[in-house]
Amino acid sequence: RDDAFRGMVNRMLGEAYRLSGRSRQAIAALKAGIAFSERYDNPAVHATCARALGDTEHQLGNYVAAEAAWSEAVVKGHLGAIPEEEIPALDSLRALYIRQGRFEEALSITGKWLILRDSMARMDATKDLMRSEFDAVQLADSLGLALRTQQQSIRVEQRIGKERTRRNMAL
């Protein structure tokens, strides 16, 4: 469990180093994150670190290393069912292949990317629909509760009114 946490800490540390221009330290932190994720067998952390490593290597002009890291992110993202990492890694590979004139590979990657992206869009739409249905049911339950509470309040007021009338008649 600690290794998974350390993997994510190294991921965040690597990103902080990269954003502050300390690329060598970023690479070291991200590789440490990958090592922790391998020890813990956590493909999600591995994919996250590998994608960030690819971004860092690409920023330095190390295109072979970037391609290897992004490819690793795709594999681990697919293995762990982490499309949030797989999709951007595929997109980065596609863009790299286009810049390098590797159009057939770019086309192949584009097909995979589109399928995944569309699948994610459908899943997001399904989640949105389910959330909307839940909200509607929750609102209906709330309205039902409000009506029941109102009816109960009216009955209590009526009972109090009857008791008041009886008391006033008794006086």
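**Entry 1: the whole chain**

I began with burial: 32% of the 171 residues of the protein chain count as buried (buried is under 20% relative accessible area, exposed over 50%, partly exposed in between, with a 1.4 Å probe and protein chains only). A note to myself: this is a predicted model, where local features need pLDDT of at least 70, side-chain atom pairs count only at pLDDT 80 or more, and totals for chains, interfaces and linings use all residues. Residues are numbered from 1 along each chain as its sequence is written, and side-chain values use heavy atoms, with hydrogens and water left out.

Next I looked up the secondary structure and found six helices and zero strands (DSSP runs numbered from the N terminus, H or I of at least four residues for helices, E of at least two for strands).

**Entry 2: helix α4**

I checked the length of α4, residues 63-79. Its 17 residues should span 24 Å at 1.5 Å a residue, and its end C-alpha atoms are 24 Å apart, which agrees (the expected span is 1.5 Å times one less than the number of residues).

Which residues of α4 are buried? I listed A66, E67, A69, W70, A73, V74 and G77. They cover an arc of only 165 degrees around the axis, so they sit on the same side of α4 (the arc is that of the directions from the helix axis to the C-beta atoms). On the face turned away from that buried side I found the exposed residues V64, V75 and L79. The cover over the buried residues includes α3 (43-59) and α5 (83-99). Just after α4, I noted that A81 takes a positive phi of about 55 degrees.

**Entry 3: the core and W70**

I then turned to the largest nonpolar core, which has 23 residues; L53, W70, L90 and L93 have the most contacts inside it (such a core is a set of buried Ala, Val, Leu, Ile, Met, Phe, Trp, Tyr and Cys residues joined through side-chain atoms within 4.5 Å). At least two residues of this core come from each of α2 (23-40), α3, α4, α5 and α6 (103-170). The largest share, six residues, is supplied by α5.

What does W70 touch, not counting residues up to four places away in sequence? I found A50, R51, G54, D55, H58, A89, S92, L93 and L96 (contact means heavy atoms within 4.5 Å).

**Entry 4: S23**

Last, I looked at S23, which lies in helix α2. S23 counts as buried because its relative accessibility is 12%. Leaving aside neighbours within four places in sequence, S23 is in contact with Y17, T56, Q59 and L60.
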